[in-house]
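These are my notebook entries on a single protein model. I set down what I looked up, term by term, in the order in which I looked.

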Amino acid sequence: MSLTSLDPRVTRLNLPEEAQPIEPKPELDQFETYEAFHQKKEGAAHTYVGPVHAPNEDVAFLFAKEQYSRRFPCVGLWIARTEHIQVTPYAGDGENVYEMMRVEEPTERSEEVESYEIFHLKKRGKAHTHAGRVIATSYQEALQEARTQFGEKGPIVNVWVVKSKHVLQSAEEDKDMWTTIPEKKYREAIAYKVMDKITKYKEEHKTTAQ
């Protein structure tokens, strides 16, 4: 029997009076989240610029290049999957998180030492910047090494740690991809000589009027 209502629009829907079981919906196929770090100029540290969503790291690299390398000069780009980045607790501005956190003993260690990339956040509201690379057998050991090598360069509000093998880095031989027109005058109104034509038009009509 269908559900009836004072609202004829509801009655016309022929809804059953008894609640029907709801079938579970399949999980959505969502893209992975990746974090992008760009290098403004040769010799500068890579700095975090934002996330991208992509099916894999190669596509994430292309998305990040299109999204972030057009805003400002860029000579290098790193991509890391978000889930591969280990994040420390946050300290207050002016504090050093290395002095506050307690590094626990690692639950897992790799059989061989690996390289880890260390990123520091110097102040809330700013961006994480690459501080350097350490060699370790676990994330916890990498943090300890980072504290030894870079911990005195405070204040440091937060630290990101990621294995180097999990970072897709632009190659030295592919630097041509960053070559762009240094001056984009075509984006500015001053680049279009409209005023010359307007002035010429006024002069011609001024002469005619006289």
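**Entry 1: The largest pocket**

I sorted the lining of the largest pocket by class and recorded eight nonpolar, seven polar and six charged residues. Here Ala, Val, Leu, Ile, Met, Phe, Trp, Tyr, Cys and Pro count as nonpolar, Asp, Glu, Lys and Arg as charged, and the others, Gly among them, as polar.

I note that this is a predicted model, in which local features need pLDDT of at least 70 and side-chain atom pairs count only at pLDDT 80 or more, while totals for chains, interfaces and linings use all residues. Residues are numbered from 1 along each chain as its sequence is written, and side-chain values use heavy atoms, with hydrogens and water left out.

A pocket is an open set of points, on a 1 Å grid over the protein atoms alone, where a 1.4 Å probe fits, with protein on both sides within 12 Å along at least five of seven lines; lining residues have an atom within 4 Å of a point. I read a volume of about 400 Å³ for the largest pocket. Grid points are joined across faces, edges and corners, and the volume is the space filled by probe spheres set on the points.

Which residues lie nearest the centre of the largest pocket? I found Q86, S138, Y139, Q140 and L143 there, out of 21 lining residues. At least two lining residues each come from β4 (86-87), β5 (114-121), α4 (139-150) and β7 (158-163). The largest share, three residues, belongs to α4.

**Entry 2: The chain as a whole**

I counted five helices and eight strands in the protein chain. Helices (H or I, at least four residues) and strands (E, at least two) are DSSP runs, numbered from the N terminus. Along the sequence they follow the pattern α-β-β-α-β-β-α-β-β-α-β-β-α.

Of the 210 residues, 30% count as buried. Buried means under 20% relative accessible area, exposed over 50%, and partly exposed in between (1.4 Å probe, protein chains only). I also looked at contacts (heavy atoms within 4.5 Å). Among contacts between residues at least 6 apart in sequence, 61% join residues at least 24 apart.

**Entry 3: Strand β7**

Two strands pair if DSSP finds at least two bridges between them. β5 and β7 pair in the antiparallel sense over six bridges, with N158 in β7 as the bridge partner of L121. β4 is joined to β7 by two bridges, and these strands also run antiparallel; V87 has W160 as its bridge partner.

Is β3 mostly covered or mostly open? I found it mostly covered, with five of its six residues buried. Six bridges join β1 (residues 32-39) to β3 in the antiparallel sense, and Q39 is partnered by G76. Three bridges join β3 to β8 (residues 167-169), again antiparallel, and I79 stands opposite L168.

I then searched the whole structure for aromatic pairs and recorded six. The ring centres of W78 and F119 are 6.3 Å apart and their planes stand at 85°, so this pair is edge-to-face. W78 is in β3 (residues 76-81) and F119 is in β5, 41 residues apart, and the pair links distant parts of the chain. Rings of Phe, Tyr and Trp (its six-membered ring) pair if their centres lie within 6.5 Å; planes under 30 degrees apart count as stacked, over 60 as edge-to-face and the rest as tilted.

W78 counts as buried at 7% relative accessibility, as does F119 at 1%. Both belong to one aromatic cluster, formed by F37, Y48, W78, F119 and W160.

**Entry 4: Two single residues**

I located H46 in the loop between β1 and β2 (47-54). H46 counts as buried, at 8% relative accessibility. Leaving out residues up to four places away in sequence, H46 touches several residues, including W78, F119 and H130. The C-alpha atoms of H46 and H130 are separated by 5.4 Å, although the two are 84 residues apart along the chain.

Q144 is in helix α4 and counts as partly exposed, at 31% relative accessibility. Its C-alpha atom is separated by 9.8 Å from that of R102, 42 residues away along the chain.
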